[in-house]
Amino acid sequence: MTGFALMTDHYELTMVAAALKDATARRHCVFEVFARRLPTGRRYGVVAGTERLVEALATLRFDRAELDFLRTTGVVDDDTAAWLGDYRFTGDVDGYAEGELFFPGSPILTVSGSFAECVILETLVLSMLNHDCAVAAAAARMVTAARGRPLIEMGSRRTHEEAAVAAARAAYLAGFAQTSNLEAGRRFGVPTTGTAAHAFTLVHDNEPAAFASQIAALGKQTTLLVDTYDITRGIRSAIEVAGPSLRAIRIDSGDLSVLAAHSRELLDSLGAVDTKIVVSGDLDEYAIAALAAEPVDAYGAGTAVVTGSGAATAGLVYKLVEVDGRPVVKRSEHKATIGGRKTAIRRHKPTGTAIEEVVVSQGQPAAQPHDRALQIPFIRGGVAVADRPSLVDSREHLRSCLISIPWEGLKLSAGDPAIPIVMEGAA
């Protein structure tokens, strides 16, 4: 697949060119992806984007046009261009399953192979994982705040067109029920839904005409947007046109707490006791939590979810930790690393509650009852392993992970990571 190759950063190709000349390009290396810290106030991170990355790595190629660009602009010399022309990732990738929780220091992805074939992947790896993990963490917090009520991802217009598709996938992984993004439905099988916008009401001569048109086209199992003009009149018109069996109304503006209560009372008085109320309009996890006691049946979240709700990146880094079996470390102030390939397990009480994450450098954790290994294989010898978890599997995995952490870890207020990391055998 072309399109991903030039996600490579200029300085990565500079390192490859130099390493090819001094023969360090062939040294066997291990790179790890981890977060030094969680975004301010967060108690956990959520792994997402790994499957997208695996698919990209399996087909990563530099085509003729890309190589010509690199040569003619002087980014690479002929020898490096020739190496890139033959590039195939032949190494191994292991990591935390999508939907797994992570904490500061969790080795969520391990990439091993020659120095050149691994170092060239840094930007691609981090761009995918930092985005998807940020969206999934925000979405998971919204799912918790919704207390079992369904959420619809509606943020495509608030981000880059490709980021919108990835965000819809990450939100679904985190527990959102549906997305308005049709490409996410086509590409990843995410269930899709949608309602009319205010423009549809405005293009008609009056609100009842707009509602009648929508019902005629889509039937009564649609959702009518009732707040273009006056919400009370809008609800009355909706039920007059569709009858009390209308599936749902949507409210997109105003004081949603007051309007939801008012709308429920009015719907019930009109006999539309089964008509659902969907609310949208700049909702984040805090706004959703504030509506917990109101008669809201579903939420539509847009800007906040696709931008990570204040944390647009997961803060992940990609660092070299081992060369030819020897641990290497970076000692820079505030950015030091721990050398050696890491192995991680999640430790639990007999009840299933997680109590700590144990990370061991160059070895295996001493096994205890109720431990769960966190890393699984994704790629072996450049080939994606079979039977990787599906998107539905990942949704269920995250749900079980969130159940396993202490209840304090689900609070929306700022606090320490939900479970501590214990480092052992650090080199």
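In this predicted model, strand β5 is largely enclosed by the rest of the structure, because six of its six residues are buried. The neighbours of β5 on either side can be followed through its pairings. Six bridges join β5 to β1, and the two strands run antiparallel. Within this pairing, Cys29 stands opposite Gly113 in β5. Four bridges join β5 to β3, again in the antiparallel sense. Here Val93 has Val111 of β5 as its bridge partner.

These pairings belong to a wider arrangement. Strands of a sheet pair through backbone hydrogen bonds, either parallel or antiparallel. In this structure, β5 is part of an open sheet of seven strands, in the order β13-β12-β1-β5-β3-β17-β18, and the pairing is antiparallel. The edges of the sheet are formed by β13 (326-327) and β18 (383-384); each has a single partner strand, so one side of each is left without a neighbour in the sheet. Val323 has Arg326 in β13 as its bridge partner.

Helix α6 (residues 122-146) touches β1 (28-35), β5 and β12, and its direction makes about 135° with that of β12. Helix α2 (residues 50-58) lies across β3 (92-96), β5 (109-114), β17 (375-380) and β18, and runs at about 20° to β17. Is α2 enclosed by the rest of the structure or left open? Seven of its nine residues are buried, so α2 is largely enclosed. The buried residues are Thr50, Glu51, Arg52, Leu53, Val54, Ala56 and Leu57.

A further contact is made between two helices. Two packed helices are described by the angle between their axes and the distance between the axes. For helix α7 (residues 161-173) and helix α15 (residues 391-404), the angle is about 50° and the axes are 8 Å apart. The two helices are therefore oblique to each other. On the α7 side, the contact involves Arg169, Tyr172 and Leu173, which meet Leu391, Val392, Ser394, Arg395 and Leu398 in α15. Sorted by class, the residues in this contact are five nonpolar, one polar and two charged.

How many disulfides does the structure hold? The number is zero. Cys118 is in no disulfide, and the nearest cysteine sulfur, that of Cys29, is 6.9 Å away. Cys118 counts as buried, because its relative accessibility is 0%. For Cys401, which lies at a relative accessible area of 2% and is likewise buried, the closest cysteine sulfur is in Cys133; the distance of 13 Å is too far for a bond.

The chain as a whole may now be considered. There are 15 helices and 19 strands in the chain. The C-alpha trace spans about 80 × 55 × 40 Å along its principal axes. The chain has 427 residues, of which 51% count as buried. Among the contacts in the chain with a separation of 6 or more, 74% are between residues 24 or more positions apart.

Notes. Residues are numbered from 1 along each chain as its sequence is written. This is a predicted model: local features need pLDDT of at least 70, side-chain atom pairs count only at pLDDT 80 or more; totals for chains, interfaces and linings use all residues. Side-chain values use heavy atoms; hydrogens and water are left out. Two strands pair if DSSP finds at least two bridges between them. Contact means heavy atoms within 4.5 Å. Axes are lines fitted to C-alpha atoms, for helices over the stretch in contact, and angles run from 0 to 180 degrees between N-to-C directions. A disulfide is a pair of cysteine sulfur atoms within 2.5 Å. Buried means under 20% relative accessible area, exposed over 50%, partly exposed in between (1.4 Å probe, protein chains only). Angles under 35 degrees count as roughly parallel, over 145 as roughly antiparallel, 65 to 115 as roughly perpendicular and the rest as oblique. Ala, Val, Leu, Ile, Met, Phe, Trp, Tyr, Cys and Pro count as nonpolar, Asp, Glu, Lys and Arg as charged, and the others, Gly among them, as polar.
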